[in-house]
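Trainee: I would like to understand the words used for this structure. Please take me through them.

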Amino acid sequence: MTQSEVTQALNLARALNLIVASRTVNGALQVYSAAGYARSWESFNSEYPLERLQAMAERMRLRGLAS
């Protein structure tokens, strides 16, 4: 995954309220949920790959248009 794709995925995850923050700890990227739980980027990305985040954002956008 390129740095640009990571940035895009992080921005989408924030917009979808899946994460609220991210930071690097000992050279490894960590993401944090609204409840304050940390998880590795690798774990998060395996569950929510960029393509899934993009599809989720598109569905959210379309629901907003239908309202």
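This is a predicted model: local features need pLDDT of at least 70, side-chain atom pairs count only at pLDDT 80 or more; totals for chains, interfaces and linings use all residues.

Trainee: What about E2 and E3?

Mentor: Three bridges join strand E2, residues 28-32, to E3. That too meets the requirement, so E2 and E3 are paired. They run antiparallel. Gln-30 stands opposite Ser-40 in E3.

Trainee: Why do E1 and E3 count as edge strands?

Mentor: The open sheet has the order E1-E2-E3. Strand E1 (21-25) and strand E3 (38-40) each have a single partner strand, so one side of each is left without a neighbour in the sheet. From one strand to the next, the twist averages 35°. Such angles run from 0 to 180 degrees between N-to-C directions, with axes fitted as lines to C-alpha atoms, for helices over the stretch in contact.

Trainee: Why is Gln-30 called buried?

Mentor: Buried means under 20% relative accessible area, exposed over 50%, and partly exposed in between (1.4 Å probe, protein chains only). Gln-30 has 19% relative accessibility, so it counts as buried. The place of Gln-30 is in strand E2. Of the 67 residues of the protein chain, 25% count as buried.

Trainee: Which residues does Gln-30 touch?

Mentor: Contact means heavy atoms within 4.5 Å. Leaving out residues up to four places away in sequence, Gln-30 touches Ala-21, Ser-22, Arg-23, Val-25, Ala-38, Arg-39, Ser-40 and Trp-41.

Trainee: Why is the link between Arg-39 and Glu-47 called a salt bridge?

Mentor: The term needs a side-chain nitrogen of Lys or Arg within 4 Å of a carboxyl oxygen of Asp or Glu. The side chains of Arg-39 and Glu-47 meet at 2.6 Å, N to O. That lies within the limit, so the name applies. Arg-39 is partly exposed at 28%, and Glu-47 is partly exposed at 36%.

Trainee: How many salt bridges does the whole structure have?

Mentor: The search finds two. One of them joins Arg-61 and Glu-58, with the closest N and O atoms 2.7 Å apart. Arg-61 and Glu-58 are three residues apart in helix H3 (residues 50-66), and therefore about one helical turn apart. Arg-61 is partly exposed at 44%. Glu-58 is partly exposed at 34%.

Trainee: What makes an aromatic pair?

Mentor: Rings of Phe, Tyr and Trp (its six-membered ring) pair if their centres lie within 6.5 Å; planes under 30 degrees apart count as stacked, over 60 as edge-to-face and the rest as tilted. The structure holds two aromatic pairs. Ring pairs link Trp-41, Phe-44 and Tyr-48 into a cluster.

Trainee: What makes the phi of Asn-17 worth a remark?

Mentor: Most residues other than glycine have a negative phi. Asn-17 is not a glycine, yet has a positive phi of about 60°. The place of Asn-17 is in the loop between H1 and E1. At 64% relative accessibility, Asn-17 counts as exposed.

Trainee: Where is Asn-26, and is it buried or exposed?

Mentor: Asn-26 is in the loop between E1 and E2. Its relative accessible area is 82%, so Asn-26 is exposed. Asn-26 has a positive phi of about 50° although it is not a glycine.

Technical notes:
Residues are numbered from 1 along each chain as its sequence is written. Side-chain values use heavy atoms; hydrogens and water are left out. Two strands pair if DSSP finds at least two bridges between them. Helices (H or I, at least four residues) and strands (E, at least two) are DSSP runs, numbered from the N terminus.
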